[in-house]
Amino acid sequence: MSAVGDAEIIPIGTRGRPGRGQHTGKPSSASRSLASGPRKATPRRVPQPEREPEPAPEIEAGEPVGAVAEEPAVGPDQVSEGAGAATYVEERLPQGGIPAGEWLAAFQQSARELFGDQWEPQLARFLAFLRRRVTGDYVVDEYGFDQEITEKFFMTALRPIAQKWFRIEVRGIENIPAEGGALVVSNHSGTVPVDGLMTMVSIHDHTGRFLRPLGADLVFKMPVVSTMARKGGTTLACSEDAERMLRGGELVGVWPEGFKGIGKPYSERYKLQRFGRGGFVSAALRTQVPIIPLSVVGAEEIYPLVANLPSLARVLGLPYIPITPLFPWLGPLGLVPLPSKWLLEFGEPIRTDEFDAVSAEDPMLVFNVTDEVRETIQSTLYSLLMQRQSVFR
Amino acid sequence: MASAAKGASHGRVVLVTGVSRDLGRRSARALATDPTVARVIGVDVVPPRGDVGDVSFVRADIRNPVIAKVIAKENVDTVVHMSVISTPGSAGGRGTMKELNVIGTMQLLAACQKAPSVQHLIVKSTTTMYGASNRDPAMFTEDMEPRRQPRSGYAKDVAEIEGYVRGFARRRPDVRVTTLRCANVIGPHVVSPMTSYFRLPVIPTVLGFDARLQFLHEQDLMDVLIHAVRNDLPGTFNVAGDGVVMLSQALRRLKRPTVPMPGFAVGGLGNVLRQARLADFSPEQLSFLTYGRGVDTTRMRDQLGFEPAFSSEAAFADFAAGLTPTGGRIERALTVALDRLPSVEESVALSSVGGGERRG
C-alpha cells in the first residue's frame, strides 16, 4: 500500500529510547525533554519506514478481493494461501504459488476421500445442513430440544464412545414402549454424568426414541453445559416439567440419586443411595405412565473417585471436586475415561395406571413404589456384576 | 357531551391509560373501531404523538385523584390499564418509573373502586413477572410463582401491580378483572428493551447460554385487548405466540453478528449502552437473555378463547424483515457454493440409485 520502496529498513540507534545509549538508569532531564515528544510521535515523524510491515497483512486479511482486482491472473485461493508466506519477501506478488488447477484437483481428491464417490451430492447435503444451521432455519420444541443437532451431531459424536470405547451391551430394550409417555429410572454413577449420555445414545439407537433427561439446576447454571443440555433435550428436574413431558408422551429419564450417587467414592460403588424424596414416583402416578427401572453397570469405573475436595467445592458452589487416580495429576489426559465394559439392563415396567391419580398424594404408597424401584435396580445390579467377567471384559 | 351520554346508553365506554406511548395509542385506536364500543377515552400525562383517530384524549395523570373525576364524568364501564412502563429511560429515571407504575396503578384502582359504573378492568401485565433463572420450569403456567422474588426494577413493579389488582378484585367482586400477561411484544413499530437490543448492529450475547424466547406480535396484542374488552372473561392469562425461538436462532435469522461474552461483561456493556441511550439493559433483561423463559398458553386457548395470528417465529420474522442484516457472510458463501453443486433433492435420488447399483 505504501509508496515507499521494498527495502527493509533497519533502524539505527536506540529505537526511540531517550538517552545516549548507556541503557542504564534514567535519562537526563534534558534528554527526556527532547525525547518525550518523539517517543509517542515516532510513527508520525518517521511514518514510512516504521509502518512499512503493517499495511501488508491488512491487505491480505481484510480485503483479498482488492488484491485480486489488482492482480487479475491470480485466483482467490492463492491470494489467501500464498500471500501469507510472501508478506515480507515479496509484497503481494504470490507468483510462486500453486496453480489454481492443482488446488481444484487436490480439493476434489480430498472431497472424494471424505465423502466417497458420491462426494458432490454428499457435500451439497452437508453444506445445505450447514446453511440451515447458520440461518437459524430449524425448529426447537418448547423445552429447547433441537432434534436435528442432537441426531446429526451429539449422537454421532457419542456413538463411537458407546460402541467402541465402553462396548455397551443393552438388555431388555423391549421393555421400552414404542410410543407414549414412560419414565426411565436409573442408577447414577461415574463422577461425570457420562451414564446419562450413554443411556440416551443406546435408547435412540435401539428404539429410535429420544430420551428426555431431567437435569439438576446446576446443569442449567453452567455455561456451555446448559446450552448443550437444552439442545439435547434435557429439562429441569422439577415436578412441573416432569409431568408436562410425561403428559406430552415423551420418554423421560431420571436419576433420582442425583449428586449423592454420581459423586460417591469408588469404595461405595454399586451401592444405591437414597432415591430423593420420591418425586419421580408422584409424577408417574399423576400422569399414569409406567416406570422402567434401568441398571447401568460399568459407569462406576470410568472415573474412580478416590478423594474429594469439599471445602474447595463449597467455595466454587459445586457438589464435589473429584480426585481420581488420573485426575488432576495427568491434566487433560486424566479426563479420558477408563474403558470399562458397560451393561445396561432395562427391567420390567412397573405399572402405575392401576392406582388412581389421587394416590400420588399418599406418601406411604409413594415410598413403597420408590422402594420397589430401588430394590429392583439394586438386585439387577448385583446379578449383572456377577455376569461380568472383570471390569474391562 | 350529549352525544357521548347517548353513546354510553347503547355501547361501552372504554378508558385506556398510557396512550402517549405507541402501543397504547394504537391499541386505543383499534378499540375505537370495535362496533360494541361507543367511545374510547385515552388518558396520559403527555399528549400522544401520532394520530389517535376516534379516541378522545384527556390529559390527566393517573397518579392524581383527578382520574376519578374523569371516570365518573364520562361514565366509564371498562378500564384498560396499559400504562405500565418497562424502561426507566422513557420515563425519565427509575424513581419516576416506579411512581408511574405503582402509584399510578394504586390511584387508578382507587378511582375504579369508587366508580359504580366500572364493570370491567383489563390490565396489560407481562411475563417478566415470572423472572428468569436456572431453576425455572420450562413452561410457566398462570398459577406458578417466580422462583426468585424480584427485588428491584420492572419485575418488582409488575408483581406489585398484580398484587394491587388482586386486592381490587377482592374488594369489588362485581367487576370482571382480566389480567393479560403478555410475552415480549415485537413488531416493526415496537420500541422496547427487547427490540432495541435486536436493533444493535453487533449484538452481545451471554457466553455459553442460549435463552428460550417467546414473542407476541403487536397486532396480536391489540387483538387480544379487543377480544378481552368484547368478551366477558375474568382471570389471569398468559398471552404468547406459539412455539419457542432460541436466542441464537433468532440472531442467526436476523443475520447480525454476535459477540458472546461472559455474563458480567454483558452487564457492564449494558450499563455503557444505557448511558449512550442505545439499548436498555436492565438486570432482569440480562437474566432473561441468559436463561430465557417460556409460558404455557393453554388457558389462553381454552378459557380466553384467543388464538394469536402470529407464532413466535412468524412474529420475529415480521420484525426481522424490517431490519437490514449486518452480517450473513457465511450464509452467502454457502449459497454460492451450493449453487455450484447439484441440488439436494437431485442428489438424494442419485445416492439411492447409487446404493441400488452397489447392492446389485
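**Two helices in chain A**

I began with a helix pair: α6(A) and α7(A) are roughly perpendicular to each other, a label used for angles of 65 to 115 degrees, while under 35 counts as roughly parallel, over 145 as roughly antiparallel and the rest as oblique. Helix α6 covers residues 100-115 of chain A and helix α7 covers residues 119-135; their axes cross at roughly 80 degrees and come within 9 Å. Axes here are lines fitted to C-alpha atoms, for helices over the stretch in contact, and angles run from 0 to 180 degrees between N-to-C directions. Which residues make the contact? I found A:Ala111, A:Arg112 and A:Phe115 on α6(A), and A:Trp119, A:Gln122 and A:Leu123 on α7(A). Contact means that the C-beta atoms of two residues, placed from the backbone, lie within 7 Å. By class, that contact has four nonpolar residues, one polar and one charged. Nonpolar covers Ala, Val, Leu, Ile, Met, Phe, Trp, Tyr, Cys and Pro; charged covers Asp, Glu, Lys and Arg; the others, Gly among them, are polar.

**Ground rules**

This is a predicted model, where local features need pLDDT of at least 70 and side-chain atom pairs count only at pLDDT 80 or more, while totals for chains, interfaces and linings use all residues. Residues are numbered from 1 along each chain as its sequence is written, and chains are lettered from A and ligands numbered from 1 in the order in which they are written. Helices (H or I, at least four residues) and strands (E, at least two) are DSSP runs, numbered from the N terminus.

**A covered strand in chain A**

Next I checked strand β3 of chain A, residues 211-215: five of its five residues are buried. Buried means 20 or more other C-beta atoms within 10 Å of a residue's own, exposed means 12 or fewer, and partly exposed is in between, with C-beta atoms placed from the backbone. A:Leu211, A:Pro213 and A:Gly215 sit on one side of β3(A), and A:Arg212 and A:Leu214 on the other.

β3(A) runs parallel to strand β5 (residues 251-254) of chain A, joined by three bridges, and A:Pro213 stands opposite A:Gly253. Strand β4 (residues 235-236) of chain A pairs with β3(A) in the parallel sense over two bridges, with A:Gly215 opposite A:Leu236. Pairing needs at least two DSSP bridges between the strands.

**Over to chain B**

Chain B holds 15 helices and 13 strands. Of its 360 residues, 45% are buried. Its C-alpha trace spans about 85 × 45 × 40 Å along the principal axes.

What is the strand order in the open sheet? I read it off as β3-β2-β1-β4-β5-β6-β11 (chain B), seven strands with parallel pairing. β3 and β11 (235-239) of chain B are at the edges with a single partner strand each, so one side of each has no neighbour in the sheet. From one strand to the next the twist averages 20 degrees. Strand β6 (residues 176-182) of chain B is joined to β11(B) by five bridges, and B:Cys182 has B:Val239 as its bridge partner. Helix α8 (residues 218-230) of chain B packs on the sheet, at about 165 degrees to the direction of β6(B).

**One loop residue**

B:Val55 lies in the loop between β2 (37-44) and β3 (56-59) of chain B. Is B:Val55 buried or exposed? B:Val55 is buried, because 22 other C-beta atoms lie within 10 Å. Leaving out residues up to four places away in sequence, the residues that B:Val55 touches include B:Val19, B:Ala28 and B:Val40. I also noted B:Arg39: it is 16 residues from B:Val55 along the chain, yet their C-alpha atoms are 7.2 Å apart.

Last, I looked at where the chains meet: 31 residues come from chain A and 30 residues from chain B. On the chain B side, α14(B) gives the most, with six residues. That side has 16 nonpolar, eight polar and six charged residues.
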